[in-house]
Amino acid sequence: SCHARCQPVQVPRFEPFASMALRLRHRCRSVLLVVALSPAVEAWARAGFEVEPGVWYRPRVLAAQDWPATATDDPWATLLTLLLHHKGPAVEEIGRAAIIAGRQLATPERRWYEEVVLHLLGPLARAVYEAVMLRYPDEPFPFVDEMREKFWQEGRQEGRQEGRQEGRQEGRQEGRQEGRQE
């Protein structure tokens with residue numbers, strides 16, 4: 001069937017040509033979906049563009065107003081919701097739901113997923129992750145656990161270096177005082 005052969009493809013440039021090429025290659029209808037994260041991209045995509053004189057191409061457009069700011073149990077739908085609404089008033093609620101929904105993913109996929117969620121939450125990330133971690137204290141959070149371990153190791157190494165420096169300075173001062181007394 002056509003659906004089995006046609007998979008979503010990310011096309012970086014020359015979108016209308018790539019969409020037409022995919023249609024010819026797989027002998028099925030292809031659709032270019034623009035996920036518009038800004039009003040400028042949305043306006044550009046909704047206006048369409050001329051491929052050649054008299055031939056216009058209008059991609060499908062998905063913008064924040066086209067997608068409800070409601071999270072679901074589906075991690076990918078919730079991630080799309082967060083992507084489209086990460087600057088909106090419900091970002092914390094959607095972020096919490098995204099982290100909770102992401103718990104059902106396998107570890108490698110979940111690690112990538114959590115990185116994207118963390119990036120989209122920006123400065124709210126720490127508070128949102130802490131709230132979820134308090135709600136699920138026995139649940140592992142691979143990305144957060146890796147970060148915690150990394151920062152702990154870095155802090156431990158910095159502490160050792162500071163301790164060595166302080167020890168050297170104290171040793172020099174004691175040596176100078178002993179030298180003066182003799």
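Trainee: In this predicted model, by about how much of a helix are R46 and E42 separated, being four residues apart in helix α3?
Mentor: Both residues sit in helix α3, which spans residues 39-47. Because they are four residues apart there, the separation is about one helical turn.

Trainee: How far apart are the closest N and O atoms of R46 and E42?
Mentor: Side chains of opposite charge can pair when their charged atoms come close. R46 forms a salt bridge with E42. The closest N and O atoms are apart by 2.9 Å.

Trainee: Is E42 buried or exposed?
Mentor: Buried means under 20% relative accessible area. E42 has 14% relative accessibility, so E42 counts as buried.

Trainee: Which residues are linked with R46 in a network of salt bridges?
Mentor: R46 also meets D66 in a salt bridge, at 2.5 Å from N to O. D66 lies in the loop between β4 and α4, and R46 in helix α3, so the pair ties together parts 20 residues apart in sequence. The residues linked with R46 in the network are E42 and D66.

Trainee: Which residue meets R126 in a salt bridge?
Mentor: R126 counts as exposed, at 64% relative accessibility. The N to O distance is 2.9 Å, and the partner is E130.

Trainee: Which element gives the largest share of the largest nonpolar core?
Mentor: That core has 17 residues. The elements that give two or more residues to it are α4, α5, α6 and α7. The largest share, five residues, comes from α5.

Key. Residues are numbered from 1 along each chain as its sequence is written. This is a predicted model: local features need pLDDT of at least 70, side-chain atom pairs count only at pLDDT 80 or more; totals for chains, interfaces and linings use all residues. Side-chain values use heavy atoms; hydrogens and water are left out. A nonpolar core is a set of buried Ala, Val, Leu, Ile, Met, Phe, Trp, Tyr and Cys residues joined through side-chain atoms within 4.5 Å. Buried means under 20% relative accessible area, exposed over 50%, partly exposed in between (1.4 Å probe, protein chains only). A salt bridge is a side-chain nitrogen of Lys or Arg within 4 Å of a carboxyl oxygen of Asp or Glu.
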